[in-house]
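Thank you all for making time this morning.

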Amino acid sequence: MKTRLGCLSNKSDSYNDFSEFLPPAHETTARCLKLSTDEVVRWSESFDHLLSHKYGLAAFRTFLRTEFSEENIEFWMACEEYKKIKSSTKLVSKANKIFKEFIDVQAPREVNIDFRTREKTKQSLEDPSPTTLNEVQAQVHSLMEKDSYPRFLRSKMYQEMVNRAHAQGQRRSV
């Protein structure tokens with residue numbers, strides 16, 4: 001997966017930089033047809049739909065990199081992984097790692113949250129549970145949904161993806 005994400009590291013707002021991550025154009029399976037037509041457009045219907053689709057999530061991550069704010073989606077993804085941990089030892093370790101990486105005031109990739117939430121999260125790390133990061137994750141999710149997501153939908157990158165999806169759909173139906 002890292003090699004496929006390599007093309008996303010450029011700070012560009014162009015669909016061409018993202019296109020090599022998508023399924024090959026020569027594939028004509030129903031899944032790829034659906035992705036190239038319905039899915040790209042459906043990402044605009046809801047933020048959660050965008051995040052639940054692997055190519056939508058990848059496109060959004062690419063967009064956030066162009067805005068130098070990828071820490072938000074990286075944090076959100078780390079929280080999603082955290083919720084799946086069953087071992088209490090691993091839960092403590094991962095919670096502390098996430099706190100140091102994203103939540104602490106001097107975190108290298110600090111997310112924008114309020115003081116109260118930061119302190120409450122810090123206190124909850126004494127006895128973490130799978131829901132320990134839910135409140136802070138919800139704040140970051142809300143910030144992305146209200147701020148970054150609308151800009152993503154207006155971005156040249158997304159508009160080019162929609163246009164190309166429509167063009168490919170029309171070529172296939174002819």
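Is Tyr-149 buried or exposed? Tyr-149 is buried, since its relative accessible area is 7%, where buried means under 20% relative accessible area, exposed over 50% and partly exposed in between, with a 1.4 Å probe and protein chains only. Before I go on, please note that this is a predicted model, in which local features need pLDDT of at least 70 and side-chain atom pairs count only at pLDDT 80 or more, while totals for chains, interfaces and linings use all residues. Residues are numbered from 1 along each chain as its sequence is written, and side-chain values use heavy atoms, with hydrogens and water left out.

The structure holds six aromatic pairs, a pair being rings of Phe, Tyr and Trp (its six-membered ring) with centres within 6.5 Å, counted as stacked if the planes are under 30 degrees apart, edge-to-face if over 60 and tilted for the rest. Phe-47 and Tyr-149 have ring centres 5.1 Å apart and planes at 55 degrees, so this pair is tilted. Phe-47 lies in helix α4 and Tyr-149 in helix α9, 102 residues apart, so that the pair links distant parts of the chain, with helices taken as DSSP runs of H or I of at least four residues, numbered from the N terminus. Phe-47 is buried too, with a relative accessible area of 1%.

Turning to α6, ten of its 13 residues are buried, among them Trp-76 and Tyr-82. What covers these buried residues includes α4, α5, α7 and α9, by contacts of heavy atoms within 4.5 Å.

Methods. Helix = DSSP H or I, 4+ residues; strand = E, 2+ residues; numbered from the N terminus.
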